[in-house]
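Please keep the structure open as you go.

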Amino acid sequence: MQTIENYDFSGKKALIRVDFNVPLDENFVITDDTRMTAALPTIKKVIENGGAAIIMSHLGRPKKGPEDKFSMRHLVPHLSEILGGIKVKIAPDCIGDATKKMAAALKPGEILVLENLRFHPEEEGGDVEFAKQIAELGDCWINDAFGIAHRAHASTAVIAQFFPKDKLFGYLVDSEVKSLDKVLKAPRRPFTAIMGGSKVSSKITIIENLLNSVDNLIIGGGMTYTFMKAQGGKIGGSLCEDDFMPMALDILKKAEQKGVKIVLAVDVIEADAFAETANTRVVPSNKIDDGWSGLDIGPKTIEMFRKVISESKTILWNGPVGVFEIEKFATGTKAIGDAIVEATSKGAFSLVGGGDSVAAVNKFGIADKVSYISTAGGAMLEYLEGRVLPGIAAVLE
Ligand code: AMP
């Protein structure tokens, strides 16, 4: 199979779909350039191998055609800087004669950024003719935008048909897919997933898919109380989705049938307010007092979760097990992070993904002590649900 490692870029113009949808402040200063730095290895590989790079992305949510505040030109100086001062050109559009001319004139080692793809509704519409016009600018297509791999847009998937032999994953997508597959397709056992966060409803499909592959499923966070109430527990004012109680019971039943061990909290920290100043007590997870809510896992639960994690060889963590944004309720989430770090240091493969767990590992300063952090959000969640992502399938087909 052709990969970014073995593909010969010399004399070629590589169209690279990146996710440069970065946050900008009112002066168009980039406030977080993670997504840009993440694409650097792929861009550098192309130009260092004697190719020219044509970089394309969306930025923000333009509604009706071009809007200056969403212009890719705001990113050009910073891109040039993080590439070590290489000159970066900007095209007036992503299709059309003027853009075509600029692309045609590119020499090896040069970089051209196309204007925001979403200035054309055809991008999100997955328009074939639009994709064809973009395709005409380059000799090969590299998909390095995992964050939108779950969308069948013109530049993320549809364009692949114009490069039957010359389509590749960039380094970022490649490492995302490899890391997720390590967990989902060939986990070393025992495989433990820790699902936290607020709602059962947003995690239900992932949980159901994971029941096919995990040995242990730790459930924490706000989801706990839907499970407790469904089993007849008292949950006071804790978060609960009554409509999902039957599904919670169904998960418990399916887990038993499949031999998956479900690990739920046995004790929790209940609080009389959603605040740092709240009064707190440790209580059994199914005996929360009226007027109080469970906002973190308790000490017995921490020990229980820690033991399961420490014996695991593959660990997937999605979602905090408490309201970790408030210091008073961050103990459980921090303990989970520490347990994962410890298991990783003993050789386990650990993958952390989903916005809030990534925020948690950053907050606790352990980002470099887990095996892989997926920042892809929606795309990663869909992958965990077992869905085929159009942007991945387009390269592999
Ligand atoms: P999610 O986006 O579904 O992963 O949810 C993340 C959010 O869940 C975080 O903002 C946490 O504060 C919140 N959360 C975690 N545990 C609880 C809990 N016991 N009660 C209420 N919210 C919680």
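1. Strand β5 (residues 140–143) pairs with β6 in the parallel sense, over three bridges. Strands here are DSSP runs (E, at least two residues) and helices are runs of H or I of at least four residues, both numbered from the N terminus. Two strands pair if DSSP finds at least two bridges between them.

2. A word on what you are looking at. This is a predicted model, in which local features need pLDDT of at least 70 and side-chain atom pairs count only at pLDDT 80 or more, while totals for chains, interfaces and linings use all residues. Residues are numbered from 1 along each chain as its sequence is written, and side-chain values use heavy atoms, with hydrogens and water left out.

3. Six strands make up an open sheet with parallel pairing, in the order β3-β4-β2-β1-β5-β6. β3 (88–90) and β6 (167–169) stand at the edges with a single partner strand each, so one side of each has no neighbour in the sheet. On average, neighbouring strands are turned by 25° against each other, direction ignored. Axes are lines fitted to C-alpha atoms, for helices over the stretch in contact, and angles run from 0 to 180 degrees between N-to-C directions.

4. What lies across this sheet? Helix α1 (residues 34–48) lies across β1 (13–17), β2 (52–56), β4 (111–113) and β5, and runs at about 150° to β2. In the loop between β1 and α1 you will find F28. The phi of F28 is near 65°, a positive value in a residue other than glycine. Most residues other than glycine have a negative phi, and most peptide bonds are trans.

5. Next, a cis peptide bond. R189 and P190 are joined by one, with omega about 0°. P190 sits in the loop between α6 (171–184) and β7 (191–195).

6. Now the domains. The assignment, which is an automatic or database one, gives domain 1 (13–174) and domain 2 (187–384). Their centres, taken over C-alpha atoms, are separated by 37 Å. Six residues of domain 1 are in contact with six residues of domain 2, where contact means heavy atoms within 4.5 Å.

7. There is also an antiparallel sheet to look at. Three strands form this open sheet, in the order β12-β11-β14. β12 (280–284) and β14 (293–297) are its edge strands, each pairing on one side only. From one strand to the next, the twist averages 45°. Strand β11 (residues 267–271) and β14 run antiparallel and are joined by four bridges; V268 stands opposite I297 in β14. Helix α10 packs on the sheet and touches β11, β12 and β14, its direction making about 40° with that of β14.

8. How do the axes of α10 and α11 cross? The axes of α10 (residues 299–310) and α11 (residues 331–345) come within 9 Å and cross at roughly 20°. Residues in the contact include I302, F305 and R306 of α10, and A335, I336 and A339 of α11.
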